[in-house]
Amino acid sequence: MTDVPVRPPAQLQLETAATVYRTVREGWSGPLHVGVDLGTATCVIAVIDSSGLPVWIDSRSTAAVRDGVVVDYWGARDATASLKSAAEAALGVELARAATAFPPGVDASDSRACRFVLEAAGFEDVLLLDEVSAANGALGIVDGVVVDVGGGSTGVGVFRDGALVALDDKPGGGHHLDLMLAGALDIPLEEAERLKRTHAGDYLGILRPGLERVAESIRALTVGAEELEVHLAGGALMIDGADRIIGSYLDRPVLSYPHALYITPLGIARHAS
Ligand SMILES: Nc1ncnc2c1ncn2[C@@H]1O[C@H](COP(=O)(O)OP(=O)(O)OP(=O)(O)O)[C@@H](O)[C@H]1O
Ligand SMILES: [Mg+2]
């Protein structure tokens with residue numbers, strides 16, 4: 001196993017991630033660590049170096065994985081192989097090892113399918129972990145609740161003294177917000193997704209019940225851990241005001257992060273050897 005990279009502040013990791021999207025960070029120094037996040041909305045590759053900062057980020061929109069279950073094996077393999085070869089071409093090195101992650105509710109055989117996807121895409125040595133532990137690889141929360149809200153599901157982990165003591169998930173994510181917006185405004189789903197990304201603040205009234213549903217999932221999965229701060233990862237809550245709505249529903253401190261959709265991929269990479 002190669003050295004574990006240091007962990008810079010989450011904010012710095014994430015702001016750097018946004019600058020290295022399909023752009024190599026100059027001056028990186030190996031060894032490199034590779035994470036592949038097989039998500040419902042997007043498959044993301046994150047490559048970090050020994051400084052713990054991202055060197056390269058890329059993504060593919062696919063419908064090949066749904067809530068951690070590989071529903072289109074060849075589609076997932078092709079997306080991963082394409083991410084791998086684009087990264088190798090940009091970086092000028094071969095990437096043989098990688099880590100990947102699965103949502104908390106996924107059983108062992110489905111989670112193994114994620115490993116097989118990476119192996120079929122050409123990675124030789126694949127580490128598999130749950131996505132909430134992965135997200136915390138980037139955040140480094142010692143005592144707190146880490147939530148990953150993606151396209152389809154809300155994963156919730158409780159960390160005490162740095163150890164994961166509870167882990168579960170519930171349905172509900174960005175896709176559900178799209179459905180609410182499309183239904184309320186009587187517009188196609190793709191238009192709802194576009195509006196949500198550009199003008200979510202104008203539609204908080206419509207989106208509020210969906211955000212409160214996420215908050216209710218967090219409440220239900222953190223009984224007995226109400227005193228801990230909640231940290232929001234995943235793309236679905238990259239909506240201005242989402243953290244306030246969730247915080248006031250839960251009546252406890254809730255922290256959001258810039259470019260939160262990169263938290264889990266970066267954390268996965270941090271776990272890779
Ligand atoms: N700028 C943005 N504003 C609002 N929502 C966004 C933004 N960017 C991405 N999203 C939403 O985030 C969701 C995808 O997040 P993420 O990439 O974390 O999910 P995923 O990992 O593919 O899914 P899952 O973890 O559920 O399998 C989508 O529903 C998308 O609409
Ligand atoms: Mg995800």
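Strand 11 and strand 12 (residues 254–255) pair in the parallel sense, over two bridges. Pairing requires at least two DSSP bridges between the strands. His231 stands opposite Leu255 in strand 12. From strand 11 the chain crosses through helix 8 (residues 242–250) to strand 12, a right-handed β-α-β crossover. Right-handed denotes a clockwise path from the first strand over the helix to the second, with the strands pointing away from the viewer. Helices (H or I, at least four residues) and strands (E, at least two) are DSSP runs, numbered from the N terminus.

The model is predicted: local features need pLDDT of at least 70, and side-chain atom pairs count only at pLDDT 80 or more, while totals for chains, interfaces and linings use all residues. Residues are numbered from 1 along each chain as its sequence is written, with chains lettered from A and ligands numbered from 1 in the order in which they are written.

Strand 11 (residues 230–233) also pairs with strand 8 (residues 144–149). This pairing is parallel, over four bridges. Val145 stands opposite Val230 in strand 11. Val230 and Leu232 point one way from strand 11, His231 and Ala233 the other way. All are buried (20 or more other C-beta atoms within 10 Å of the residue's own, C-beta atoms being placed from the backbone).

The axes of helix 4 (residues 131–139) and helix 9 (residues 263–271) come within 6 Å and cross at roughly 85°. Axes are lines fitted to C-alpha atoms over the stretch in contact, and angles run from 0 to 180 degrees between N-to-C directions. Helix 4 is therefore roughly perpendicular to helix 9 (65 to 115 degrees).

Technical notes:
Angles under 35 degrees count as roughly parallel, over 145 as roughly antiparallel, 65 to 115 as roughly perpendicular and the rest as oblique. A residue is buried if 20 or more other C-beta atoms lie within 10 Å of its own, exposed if 12 or fewer, and partly exposed in between; C-beta atoms are placed from the backbone.
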